[in-house]
Amino acid sequence: MLLRVRLALPDRPGSLAQVTKVLGVAGADITQVTVLDRGAGSAVDDITIFCPESTPRQALVKSLETVEGVAVEGIWTTREAPGTYPELEILKYITTAGDRALTTLVDSLPVLFSADWAATTSGDRVLYASWRAPKDLTVPEQTPSRPTALTLEDDLHAIHAPLPPLALSLILARSEGPAFHRIEVHRLTRILEIFLSLPATERSVTRQLRK
């Protein structure tokens, strides 16, 4: 299975090598490492691994935390293929999606962010949600002025983002793993900025919502 592991570890030579050794002993194969934070002698990394289904996640966490100074902030499943540039592929599809531009974006975001589901809302009404979204999802009462990470009921981690030109908002959520990191919020912000700047976006979304 493909997993994402978020680690806080000392920012010094040899720390990542020790982590790699522990993962190798567990039978895990590292496919990608993303540095989210670095400074003040510590770092936060997202590591994507292929891991045998027979390996319990809790055992993996315990093994990693035997490395001095390492703390596991979260471990969860991911569908994002490592070593690719999925944002570019999705934006390419959106430019030719016509009336399905917005739904294509919403369906794609959970894969891009190793999340469970995404939805667009207008006020307290859900307009469109990806297939894994709950039927009775609760919409936050207030829309933030910019994309913001928050934790909803039942420890559901989310990013709530406004879509000002469309008078809509977007929610991206995951139940596994840690809260969304500021780098993930920034990444979503840039994707939405590009999406909203595409010439056909507002026109195609308006036509879709009128159906």
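Q: Which ring face does arginine 187 lie over, and at what distance from the ring centre?
A: A charge counts as over a ring if NZ of Lys or CZ of Arg is within 6 Å of the ring centre and within 35 degrees of the ring normal. Here arginine 187 lies over the face of phenylalanine 113, at 4.6 Å from the ring centre. Arginine 174 also has its charged end over a ring, that of phenylalanine 180, 4.0 Å from the centre.

Q: What kind of model is this, and how are residues numbered?
A: The model is predicted: local features need pLDDT of at least 70, side-chain atom pairs count only at pLDDT 80 or more, and totals for chains, interfaces and linings use all residues. Residues are numbered from 1 along each chain as its sequence is written, and side-chain values use heavy atoms, leaving out hydrogens and water.

Q: How many salt bridges does the structure hold?
A: A salt bridge is a side-chain nitrogen of Lys or Arg within 4 Å of a carboxyl oxygen of Asp or Glu. The structure holds 10. One of them joins the side chains of glutamate 176 and arginine 57, at 2.6 Å from N to O. Glutamate 176 lies in the loop between E9 and H5, and arginine 57 in helix H2 (residues 57–64), so this pair ties together parts that are 119 residues apart in sequence. Helices (H or I, at least four residues) and strands (E, at least two) are DSSP runs, numbered from the N terminus.

Q: Which residue forms a salt bridge with arginine 187?
A: Glutamate 87 does, with the closest N and O atoms 2.4 Å apart. This pair links distant parts of the chain: arginine 187 is in helix H5 and glutamate 87 in helix H3 (residues 86–95), 100 residues apart.

Q: How many residues apart are glutamate 89 and lysine 92?
A: They are three residues apart in helix H3, about one turn of the helix. Glutamate 89 and lysine 92 form a salt bridge, their closest N and O atoms being 3.4 Å apart.

Q: Is glutamate 89 buried or partly exposed?
A: Buried means under 20% relative accessible area, exposed over 50%, and partly exposed in between (1.4 Å probe, protein chains only). Glutamate 89 is partly exposed, at 38%. Lysine 92 is partly exposed too, at 46%. Arginine 187 has 22% and counts as partly exposed.

Q: Which residues are linked in a network of salt bridges?
A: Arg6, Asp46, Arg174 and Glu184 are. Aspartate 46 is in strand E3 (residues 42–50). Aspartate 46 is buried, with a relative accessible area of 7%.

Q: What joins the side chains of aspartate 46 and arginine 6?
A: A polar contact is a pair of N or O atoms within 3.5 Å; within protein, one must be able to donate a hydrogen and the other to accept it, and residues adjacent in sequence count only if both atoms are side-chain atoms. The side chains of aspartate 46 and arginine 6 make such a contact at 2.7 Å. Histidine 181 makes another, side chain to side chain with aspartate 37, at 2.9 Å. Histidine 181 is in the loop between strand E9 (168–174) and helix H5 (182–197). Histidine 181 counts as buried, at 11% relative accessibility.
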